[in-house]
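Reader: Hi! I'm new to this one, could you walk me through it?

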Amino acid sequence: MATMPLQPRLIVATRNPHKSAEIQAMLGYRFTVLDATHFPNFPEIEETGSTFLENATLKAEGISRCVDGWVLADDSGLEVDALGGAPGVWSSSFGGEEGNHTMNNARLIREMAGKTERGARFRCTMVLAKDGTAQADFCGSVEGTLTDSPRGTGGFGYDPLFIPEGYDQTFGELAAAVKNHLSHRARALQQAVSWLDANHPKKII
Ligand code: IMP
């Protein structure tokens, strides 16, 4: 009987199940994604940085001190032109409560009410770390515009308010496969996987 080759594992430094699910969907059979739910000893990492790179590095290095293997951290957020780039690195607590997407979206809708300048972008910085040290970082972004009310139930976070350039539906309305093809996260992840393939083709565990 033929046996399937063991997939290499990639530990994603997140407690956000949406992020790890998107990353697993984008990687397909290439890697098995593990996240905080698989590691009871996953430490809580305080995101004290003021840039996506600083926060992604804190998460990747902090988690890779506690687990064996390659760790990938994603720090991401929404930059809104009419708000001077806010909420940016503070995207997850914009509404006043960490990770509360309903409150975050409500504040964004309030702050954007009546504004004609609707440009925005999602940004993602990924850091790969091993044995407590960052080894490489990658950036991805996707430009778009903001709606004035939520549309669609797909994705997470600000997705129901964000229409990517070239489309007329929000990430909340578009199929997951479309978002996973062109998102900030997809663009950073493609580079991270290419880097692993080029630099550590046989050594990923
Ligand atoms: P982080 O966990 O500090 O990286 O926070 C990321 C925050 O940015 C999330 O809580 C969301 O508010 C927002 N965000 C990042 N990526 C996405 C996305 O793909 N869709 C919608 N919102 C996102």
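This is a predicted model: local features need pLDDT of at least 70, side-chain atom pairs count only at pLDDT 80 or more; totals for chains, interfaces and linings use all residues.

Author: Happy to; we can start with the ligand and then turn to the chain.

Reader: Thanks! Which residues come nearest to the ligand?

Author: Lys19, Glu47, Asp159, Lys179 and Arg185 do, out of 18 residues around the ligand. A residue counts as near if one of its heavy atoms lies within 4 Å.

Reader: And how do those residues of the shell divide into nonpolar, polar and charged?

Author: Eight are charged, seven polar and three nonpolar. Here Asp, Glu, Lys and Arg count as charged, Ala, Val, Leu, Ile, Met, Phe, Trp, Tyr, Cys and Pro as nonpolar, and the others, Gly among them, as polar.

Reader: Which element gives the most to the shell?

Author: Strand S3 (71-80), with four residues. Helix H5 (184-199) also supplies at least two. Helices (H or I, at least four residues) and strands (E, at least two) are DSSP runs, numbered from the N terminus.

Reader: What lies 2.7 Å from an oxygen atom of the ligand?

Author: An N or O atom in the side chain of Lys179. A polar side-chain atom of His184 is 3.2 Å from a ligand nitrogen atom, and a backbone N or O atom of Ser76 is 3.0 Å from a ligand oxygen atom.

Reader: Nice. Let's switch topic: how many aromatic pairs does the structure hold?

Author: Six. Rings of Phe, Tyr and Trp (its six-membered ring) pair if their centres lie within 6.5 Å; planes under 30 degrees apart count as stacked, over 60 as edge-to-face and the rest as tilted.

Reader: Why is the pair of Trp70 and Trp195 edge-to-face?

Author: Their planes are at 80 degrees, with ring centres 5.8 Å apart, so the pair is edge-to-face. Trp70 is in the loop between helix H2 (52-64) and S3, while Trp195 is in helix H5, 125 residues apart.

Definitions and conventions
Residues are numbered from 1 along each chain as its sequence is written. Side-chain values use heavy atoms; hydrogens and water are left out. A polar contact is a pair of N or O atoms within 3.5 Å; within protein, one must be able to donate a hydrogen and the other to accept it, and residues adjacent in sequence count only if both atoms are side-chain atoms.
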